[in-house]
Amino acid sequence: MSCTQFEDDLRRYYLGEEDDKPKASEYIKMQTHIRSCPNCSVISEKLKAIQASMNGILRQKASATFYDLLSEKLPKPSPVSIYVNKIKRKFSRVPKFAWITLSSVIVLTVLYTMFKVFFPSFGLPVVYYKGDVDIRTTRDNSGMKKLSGYPELNNGDKLKTDSSSIVVFAVSKETSVRMGENSELRIDYIQRARGDGYSCKINVIEGAIWVSQKEEGKFETQKLQVVTDNAFIETLGSEFDVSSNDNKTVLRVFKGKVRFYHKNFQDEKSIVDEGHSSLTSSDQPPTSPAEIDTKNLGGWEQWNMNIPLLTGNLLEIKPDTIKDKIAPPRSYMPFFATPAPSVSPVPSPTPGF
């Protein structure tokens with residue numbers, strides 16, 4: 001029993017009308033509270049003294065018209081005030097810990113709602129795929145399953161292609177990611193900011209992906225990062241592909257430019273421009289950009305450069321309307337132009353006589 005509730009019951013017990021006095025069970029709770037609360041014990045003694053003083057007052061029988069005349073002179077409470085007083089009495093009996101719990105729930109709900117309004121999470125819709133593709137979602141811990149329909153990828157989701165499959169999903173209105181054959185990736189992080197801003201991190205576990213992004217992208221508010229087991233790739237409005245196999249990461253840029261650096265050599269960031277490639281391995285920073293042959297493209301490269309119907313607002317693409325209009329590339333296997341390492345010529349030894 002709270003002190004507020006106790007004081008209310010105590011006043012009704014000593015000073016209230018007979019029909020308003022607490023019941024016997026409530027009186028027992030009052031006596032228990034008196035023994036455990038020094039302040040309320042003092043209040044109880046004061047009320048007893050007041051009751052004793054009132055009992056000593058000589059009671060005089062009022063005339064038949066006294067109460068009618070008195071009620072006319074007294075202000076009459078409105079029905080609203082009567083209802084409010086009843087509500088206050090009920091609320092005063094609610095324990096303090098219940099109020100604290102309710103207040104905490106309300107505050108947390110408001111904060112969560114505000115966070116979702118200003119920093120809403122978002123999925124990456126799959127807009128096209130061909131062949132058998134495996135997917136594992138964070139909502140289903142039963143393992144990899146065959147991709148069906150066109151779901152949205154969320155934080156922690158994983159995709160895997162085989163030797164004859166391909167996947168395309170949208171990151172934003174202007175950015176798409178395409179997976180090549182025998183590839184596996186995981187969505188490490190996605191978060192949409194206010195307006196068209198977003199942050200997204202894609203982890204290429206194995207294989208190859210192609211990223212297509214408009215050059216006029218707002219890179220301060222639209223941040224896409226591709227990571228491998230040893231490298232970071234940050235888009236700067238470009239079209240490029242990334243290959244990760246055998247502790248090596250190969251980057252080729254076909255349009256625009258890309259920031260490329262090693263996880264262990266982050267001070268040695270390299271800007272790779274259009275028509276160039278760079279390579280990094282488990283213990284080496286990126287090599288100097290080397291030119292690539294953009295005139296003799298393979299089926300994978302040509303398909304990505306000329307893929308139709310993936311322009312405009314990619315988030316509004318309806319997969320059912322394009323699934324039969326996009327032909328798969330002639331060859332899924334990307335042609336990776338690995339930069340040749342520079343080797344210093346070694347002079348031939350002079351034969352001795």
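Tyr150 is partly exposed, with 26% relative accessible area (buried is under 20%, exposed over 50%, and partly exposed falls in between, using a 1.4 Å probe and protein chains only). The model is a predicted one, where local features need pLDDT of at least 70, side-chain atom pairs count only at pLDDT 80 or more, and totals for chains, interfaces and linings use all residues. Residues are numbered from 1 along each chain as its sequence is written, and side-chain values use heavy atoms, with hydrogens and water left out.

Now for the rings. Five aromatic pairs turn up in the structure (ring centres of Phe, Tyr or Trp, taking the six-membered ring of Trp, within 6.5 Å; planes under 30 degrees apart are stacked, over 60 edge-to-face, the rest tilted). Tyr150 has a tilted partner in Tyr129, at 5.4 Å centre to centre and 55 degrees between the planes. This pair links distant parts of the chain, 21 residues apart: Tyr129 sits in strand 1 (residues 124-130) and Tyr150 in the loop between strand 3 and strand 4 (152-153). Strands (E, at least two residues) and helices (H or I, at least four) are DSSP runs, numbered from the N terminus. Elsewhere, Trp210, Phe254 and Trp300 are joined into a cluster by ring pairs.

Next come the charges. Side chains of opposite charge can pair when their charged atoms come close. Seven salt bridges are found in the whole structure (a side-chain nitrogen of Lys or Arg within 4 Å of a carboxyl oxygen of Asp or Glu). One of them joins Lys146 and Asp134, 3.3 Å from N to O. Lys146 belongs to strand 3 (residues 145-146) and Asp134 to strand 2 (residues 133-136), so the bridge ties together parts twelve residues apart in sequence. Lys146 itself is exposed, at 54% relative accessibility.

Salt bridges also link Asp241, Arg252 and Glu301 into a network. The closest N and O atoms of Arg252 and Asp241 are 2.5 Å apart, and both residues are buried. Between Glu301 and Arg252 the closest N and O atoms are 2.8 Å apart.
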